[in-house]
Amino acid sequence: MISWEYPPYIVGGLGRHVFHISKSLVQKDIDVTILTFTDGSSPSQEEVNGVHVVRINPYSLRYPDFISWSHGLNMLMVEAASAIDDFDLIHVHDWLTAYAGIALKHIKRKPLVATIHSTELGRRGSLRNDYERHIHELEWWLTYEAWNVICCSNYMLREVSGNMSCPREKMSVITNGYEGGSMGPPAPLVRKNYAQNGEKLVLYVGRLVYEKGPHILLEAASKLKHLDLKYLIVGDGSMRPYLVDLSKRLGISERVYFLGHVTDSELATFYNWSSAAVFPSLYEPFGIVALEAMGAGIPVVVSATGGLDEIVQDGYNGLKFMPGSSDSLTYQLNRVITDKALSDWLVGNARQSVEKYSWDSAASETEAVYHKVLDQYEKSSWKPAV
Amino acid sequence: MKPVLHITWEYPPYVVGSLSMELRNTLVPLAQQVPVNLVVRADSDETAEIDGMKIFKVSQSIKSSPHVLAYAHVLNIDLVRGASRAIYESGGASLVHCHDWISSLAGVYISSNFCLPLVISVYSTELARSRSLSTLLSMGIFDLEKHCLRRADVVVADMSLAESLSKDYGVDPGRIFPRGGDLLKVYNRWAMR
């Protein structure tokens with residue numbers, strides 16, 4: 001398995017996905033080696049929950065930009081693979097390690113499986129320069145070379161199929177999982193440092209980038225000044241300075257806390273305190289954070305897009321609003337904050353809903369994909385014999 | 001002897017600079033003496049027999065790259081596809097010989113994964129081209145050249161580059177073979193049998 005993210009290096013949901021799916025695959029007696037990145041602060045080799053982890057440090061070379069950095073990482077991954085014991089199949093996550101996966105597929109003549117967690121076209125909305133086109137074409141190349149392409153939602157299946165002309169016959173939908181209690185015990189934080197008695201907390205968890213829509217939440221917050229609400233913004237990203245400035249311009253800076261990256265136990269505390277969690281994404285392939293919030297027992301308000309639209313049934317296990325509409329979000333957030341009976345109803349149903357999202361079943365479905373691909377491979381003449 | 005596997009990004013009819021024609025002048029007579037497989041970038045994946053060599057053409061999978069360094073990396077994935085095909089379809093290779101920095105990476109991958117000796121022919125270096133490493137892009141290309149050259153068993157180069165290859169790139173002078181010399185001497189010494 002090849003992924004640029006793996007704990008302790010986590011950027012988004014991809015790293016958590018790879019951690020959980022690899023651990024669950026090992027529990028099904030599948031031998032998993034992960035090739036991943038390190039900046040030198042993690043061991044270059046170790047075993048984690050039965051998973052062999054090989055970390056590559058790309059900083060022996062200089063790079064002009066992120067694209068070149070990713071290529072350098074992949075280059076060293078391909079070289080390092082020569083020292084790894086024989087393997088039956090290569091599983092790549094996203095374009096960032098497509099290079100190594102495709103090269104190793106041909107060198108070893110072993111089948112390639114790809115999980116596409118998101119796409120450049122989805123993230124950007126359009127392809128405006130050669131950097132974005134290069135990434136888009138790498139994504140296309142990965143889906144072209146893969147014997148099977150796994151997407152985390154039906155939305156992503158349609159996106160990858162449509163934007164990359166990937167045949168649906170070689171695509172699978174396997175949703176992410178949810179592991180209750182995985183965040184550990186809550187951290188001993190003091191609630192009154194964030195909200196006084198009588199004030200309620202609204203939680204946002206996600207990267208501070210445009211496609212996650214944090215600005216939509218701030219706009220809605222400015223329309224709910226009549227309620228005693230405070231907002232906890234967990235996560236970081238390039239949009240943070242803009243959002244800090246926006247909260248000042250909207251007159252809500254006293255109500256909004258930009259917390260940056262927090263530990264899992266701190267996040268567990270924030271879930272315990274919060275009266276609602278809002279996920280206002282404009283683009284969301286799956287939305288693993290929504291599952292975490294639902295499992296933690298707080299009502300969720302999500303934009304009706306991507307995987308969030310599939311996880312949440314409006315009025316049953318959460319509330320949905322029109323993507324990009326702060327008015328629509330304002331209306332739904334007001335409902336869930338002011339209607340205790342509605343909030344309890346949503347929370348009760350949400351707890352039941354998340355039970356169907358388990359890493360064990362995601363691993364079983366992934367194993368089935370592996371068997372299907374290996375069966376096709378065995379019947380083919382494309383083999384490594386020299 | 002199993003075929004010597006040559007990897008290049010240009011060979012006639014694809015001509016970018018002087019490398020293409022020089023390579024033909026070198027390889028055609030060489031192919032009379034040792035079996036030669038040549039992997040080259042082309043418009044489609046196909047195999048042909050030309051000039052006494054078996055040519056494994058590979059198409060270009062990615063059309064958009066922000067700069068030459070990114071282009072080189074993705075080009076080499078295509079070249080690896082052709083090189084792997086050449087090895088599997090020809091029953092192996094005795095040695096990998098790459099031409100120019102832009103196609104050396106594929107040789108490094110093939111050499112490390114198939115345990116084959118690696119020869120890299122250097123026609124110029126980033127230091128010689130840019131005179132100084134004044135941009136990050138130039139530094140990135142220099143580092144990539146250095147990375148590949150350090151993995152080569154033999155570096156074929158004009159002796160005017162020998163000092164820089166040794167001093168700036170860390171190539172052991174004993175591993176530098178003069179460009180224009182009899183490559184059969186290199187092959188006879190290093191080729192796997």
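**Ground rules.** I am working with a predicted model, where local features need pLDDT of at least 70, side-chain atom pairs count only at pLDDT 80 or more, and totals for chains, interfaces and linings use all residues. Residues are numbered from 1 along each chain as its sequence is written, while chains are lettered from A and ligands numbered from 1 in the order in which they are written.

**Sheet.** I found an open sheet of 3 strands in chain A, ordered 1-3-2 with mixed pairing. Strands here are DSSP E runs of at least two residues, helices are H or I runs of at least four, and both are numbered from the N terminus; two strands pair if DSSP finds at least two bridges between them. Strand 1 (33-37) and strand 2 (45-48) of chain A are the edges, each pairing on one side only. From one strand to the next, the twist averages 30° (axes are lines fitted to C-alpha atoms, for helices over the stretch in contact; angles run from 0 to 180 degrees between N-to-C directions).

I then checked strand 1 against strand 3 (residues 51-56) of chain A: they run parallel, joined by 5 bridges. I34(A) has V53(A) as its bridge partner in strand 3.

**Core.** The largest nonpolar core has 173 residues, and A290(A) and V155(B) touch the most other members. Such a core is a set of buried Ala, Val, Leu, Ile, Met, Phe, Trp, Tyr and Cys residues joined through C-beta atoms within 7 Å; buried means 20 or more other C-beta atoms within 10 Å of a residue's own, with C-beta atoms placed from the backbone. Helix 2 (residues 68-90) of chain B gives the largest share, 11 residues.

Technical notes. Buried ≥ 20, exposed ≤ 12 C-beta atoms within 10 Å, placed from the backbone.
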